[in-house]
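Subject: Structure for you to look at

Hello,

I am passing on the structure we talked about, with notes on what was found in it. Please read the notes with the structure open beside them.

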Amino acid sequence: MIQLSNKIKPSEEVLNGLAAYQSLIVGSFAEKQALAKTKFSSYNRKRNPNFDAVKTALTDGIALFINPRTENGMDFCKLNLLSFHFEITAPKGTFDYESADYTFNTVLCLNTQREYLRQARENAYGMYKTRLFYYFKNKSIVPKAQLDKMIAELQKESHITVWKEMQRAYNNGILAKLDIELNKLFQSIPESLNG
């Protein structure tokens with residue numbers, strides 16, 4: 001998905017040509033699929049003036065979503081450890097804000113329409129805290145190999161963003177206001193802040 005420039009204004013001829021192609025794709029979903037593969041794909045080729053005009057105009061756009069292969073989503077948001085909703089950290093009106101809002105709220109619907117994800121993040125918080133407490137209780141009485149296994153198991157858990165946000169909240173000095181017990185656990189287990 002790319003952000004389109006406001007300057008893209010296809011000619012009436014191009015718009016009419018695209019509308020004519022679109023009107024050919026009718027029927028059930030299966031029929032539309034078949035038509036798109038045969039008839040429509042034959043139009044979407046080089047030297048078709050309508051598609052060439054669109055392709056040329058679209059190269060002026062820039063990416064509007066956060067690409068997880070090249071960008072860290074946590075650079076654009078924080079997970080509220082009380083509501084378990086993602087909050088965009090970039091100032092409103094900036095490109096970073098628009099990218100994060102589009103990615104998190106429109107495409108992924110992380111805060112809306114998918115309550116089960118919010119609930120899963122909340123459950124993960126409790127699970128991580130429990131694992132950290134268990135590690136703390138056993139730290140002085142079990143062999144290092146067993147402690148390493150506990151850490152490895154923790155790192156395999158789902159919703160790792162929750163764990164990373166817990167660490168970030170501690171490192172930023174705000175965790176004590178949110179969860180004093182968890183803050184004390186991190187203080188007692190400084191190695192839990194690695195990785």
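Arg131 has 28% relative accessibility and so counts as partly exposed (between the limits for buried, under 20% relative accessible area, and exposed, over 50%, with a 1.4 Å probe and protein chains only). The side chain of Arg131 meets that of Glu153 in a salt bridge, 3.6 Å from N to O; the term means a side-chain nitrogen of Lys or Arg within 4 Å of a carboxyl oxygen of Asp or Glu. Arg131 is in helix H5 and Glu153 in helix H6 (residues 144-155), so this pair ties together parts 22 residues apart in sequence. Helices here are DSSP runs (H or I, at least four residues), as are strands (E, at least two), and they are numbered from the N terminus. Glu153 is partly exposed too, with a relative accessible area of 33%.

Before going on, note that this is a predicted model, in which local features need pLDDT of at least 70 and side-chain atom pairs count only at pLDDT 80 or more, while totals for chains, interfaces and linings use all residues. Residues are numbered from 1 along each chain as its sequence is written, and side-chain values use heavy atoms, with hydrogens and water left out.

Salt bridges

The count comes to ten salt bridges. One of them joins Glu191 and Lys139, at 3.3 Å from N to O. Glu191 sits in the segment after H9 and Lys139 in the loop between H5 and H6, so the link spans 52 residues. Glu191 is partly exposed at 27%, and Lys139 is partly exposed at 31%.

Another salt bridge joins Arg118 and Glu115, at 2.9 Å from N to O. These two are three residues apart in helix H5, which means they are separated by about one helical turn. Is Arg118 buried or exposed? Arg118 is buried, with a relative accessible area of 13%, whereas Glu115 is partly exposed at 46%. Glu115, Arg118 and Glu122 are linked in a network of salt bridges.

Aromatic pairs

The structure holds five aromatic pairs. Rings of Phe, Tyr and Trp (its six-membered ring) pair if their centres lie within 6.5 Å; planes under 30 degrees apart are stacked, over 60 edge-to-face, and the rest tilted. The ring centres of Tyr128 and Trp163 are 5.4 Å apart with planes at 40°, so this pair is tilted. Tyr128 belongs to helix H5 (residues 115-138) and Trp163 to helix H7 (residues 160-171), so the pair ties together parts 35 residues apart in sequence. Tyr128 is buried at 0% relative accessibility, and Trp163 is buried at 4%.

Trp163 also pairs with Phe186: the centres are 5.6 Å apart and the planes at 45°, so this pair is tilted as well. Phe186 is in helix H9 (residues 180-188), 23 residues from Trp163. Ring pairs link Tyr128, Trp163, Tyr170 and Phe186 into a cluster.

Helices H5 and H7

How do H5 and H7 cross, and at roughly what angle? Their axes come within 9 Å and cross at roughly 60° (axes are lines fitted to C-alpha atoms, for helices over the stretch in contact, with angles from 0 to 180 degrees between N-to-C directions). H5 and H7 are therefore oblique to each other; angles under 35 degrees count as roughly parallel, over 145 as roughly antiparallel, 65 to 115 as roughly perpendicular, and the rest as oblique. Residues of H5 that meet H7 include Tyr128 and Leu132, and those of H7 include Trp163 and Met166 (contact means heavy atoms within 4.5 Å).

Regards
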